[in-house]
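Please examine the following model together with its sequence.

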Amino acid sequence: MAASAAALTFARRISRSGVLFPCSRPQVWGQAARQPPSILPTQRRAFSNNKILVELDASSGIATMKFKSPPVNSLSLDFLTEFCISLEKLENERACRGLIITSAVPRIFSAGLDITEMCGKSTEHYAEFWRAVQEMWLRMYGSSMATVAAINGSSPAGGCLIALTCDYRIMAENPKYRIGLNETQLGIVAPFWFKDTLVNTVGHRVAERSLQLGLLHSVTEAHQIGLVDEVVPEEKLQEKAAAVVTQWLALPDHARQLSKSMMRKAVLDHLLARREEDIQNFVKFTSKDSIQKSLSVYMEMLKKKKS
């Protein structure tokens with residue numbers, strides 16, 4: 001019952017924002033998208049919500065999505081909902097074939113899941129939150145667009161997961177930046193689909209060690225183990241990301257998309273088959289007194305750091 005109620009609530013959140021979830025043409029761009037390209041009012045379009053800015057260059061077919069939820073682009077329920085709304089709009093926009101994901105907040109790509117969504121809330125809230133996390137991953141990992149993460153800051157935990165869903169990852173060269181699935185450091189276990197995504201990227205042995213130790217890798221280490229594909233100076237990051245997407249879009253869409261689906265379908269199907277079970281496992285685990293205590297301690301530590 002909790003999971004079903006959460007699904008309905010999440011769907012209502014998105015429908016209230018002007019998108020009939022999960023797959024109807026968005027109202028914001030609907031009329032322009034149906035016009036022939038020659039009479040589109042402009043080749044560059046943008047839309048923004050509270051936490052995300054999207055700019056589309058219709059001439060190149062490339063959109064750029066920037067996270068703008070300071071201080072650390074944490075993945076709250078509101079953020080995830082707006083993220084999925086933005087993806088829905090882009091997937092239904094015929095002019096869009098490629099996507100660059102980056103951050104508008106200095107020195108941080110995304111700090112990952114918002115701990116406040118997992119602490120001191122109801123079981124119904126935990127279910128709704130986890131369904132939103134699942135939805136983000138399913139949409140990104142299964143996207144028909146060519147996707148590139150332009151990682152311009154640290155990217156732990158859920159932030160790393162977003163980067164892992166992309167087809168290609170480029171990270172800015174900076175000795176202070178870190179990236180990895182560090183859930184065990186918080187007393188949390190990364191779910192199987194986090195694990196599957198990491199294994200598909202870096203291989204079983206590297207993923208096993210990284211997950212058990214909750215490692216946060218430097219930019220150099222991340223490149224060495226294949227967690228990121230390329231490292232460039234920060235001022236060249238966006239230029240390089242655009243060049244990579246352009247290279248991928250030079251291929252016939254159907255061949256690229258079917259190849260991507262062939263490689264990722266088994267992992268996507270794994271979660272789809274166990275989605276409700278995964279939600280219930282998350283709710284049960286998060287609701288434990290020991291986990292709530294651990295999260296509370298971590299939140300207090302963060303408050304002290306800020307002060």
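**Architecture and local contacts**

Strand 7 (residues 153–156) and strand 9 (residues 178–180) run parallel to each other and are joined over 2 bridges. Two strands are taken as paired if DSSP finds at least two bridges between them; the strands (E, at least two residues) and helices (H or I, at least four residues) are themselves DSSP runs, numbered from the N terminus. The model is a predicted one, in which local features need pLDDT of at least 70, side-chain atom pairs count only at pLDDT 80 or more, and totals for chains, interfaces and linings use all residues. Residues are numbered from 1 along each chain as its sequence is written, and side-chain values use heavy atoms, without hydrogens and water.

A contact here means heavy atoms within 4.5 Å, and angles, from 0 to 180 degrees, are taken between the N-to-C directions of lines fitted to C-alpha atoms, for helices over the stretch in contact.

Arg107, with phi of about 70°, is placed in strand 5. Its relative accessibility of 60% makes Arg107 exposed, a class that begins over 50%, whereas buried means under 20% and partly exposed lies in between (1.4 Å probe, protein chains only). Ala157 has phi near 50° and occupies the loop between strand 7 and helix 5; at 12% relative accessibility, Ala157 counts as buried.

A second open sheet contains 7 strands in the order 1-2-3-4-6-8-11, again with mixed pairing. Strand 1 (44–48) and strand 11 (230–232) each have a single partner strand, so one side of each lacks a neighbour in the sheet. On average, and with direction ignored, neighbouring strands of this sheet are turned by 20° against each other. Strand 1 runs antiparallel to strand 2 (residues 52–57), with 5 bridges between them; Arg45, for example, has Leu56 of strand 2 as its bridge partner. Helix 9 (residues 237–249) lies across strand 3, strand 4 (98–103), strand 6 (146–151), strand 8 (168–172) and strand 11, and runs at about 165° to strand 6.

The loop between strand 3 (62–67) and helix 3 (77–91) holds Pro71, and the peptide bond leading from Pro70 to Pro71 is cis, with omega near 10°. Ser69 is also found in the loop between strand 3 and helix 3. Ser69 is buried, at 9% relative accessible area, and touches Lys51, Ser74, Phe79 and Val105 when residues up to four places away in sequence are not counted.

How many aromatic pairs does a search of the whole structure find? The search finds 12, where rings of Phe, Tyr and Trp (its six-membered ring) pair if their centres lie within 6.5 Å, and planes under 30 degrees apart count as stacked, over 60 as edge-to-face and the rest as tilted. Trp130 and Trp193 form a tilted pair, 5.6 Å centre to centre with 55° between the planes. This pair links helix 4 (residues 123–141), which contains Trp130, to helix 6 (residues 192–202), which contains Trp193, across 63 residues. Trp130 is buried at 4% relative accessibility, as is Trp193 at 0%. Tyr168 and Trp248 form an edge-to-face pair, 6.5 Å centre to centre with 65° between the planes. Because Tyr168 lies in strand 8 and Trp248 in helix 9, the pair ties together parts that are 80 residues apart in sequence. Tyr168 is buried at 18% relative accessible area, while Trp248, at 26%, is partly exposed. Ring pairs also link Phe129, Trp130, Trp137, Tyr141, Trp193, Phe194 and Phe282 into a cluster.

Charged groups also lie over rings, as defined by NZ of Lys or CZ of Arg within 6 Å of the ring centre and within 35 degrees of the ring normal. Lys89 is placed over the face of Phe47, 4.4 Å from the ring centre, and the charged end of Arg274 over the ring of Phe192, 4.5 Å from its centre.

In overall terms, the protein has 12 helices and 11 strands, and 52% of its 307 residues count as buried.
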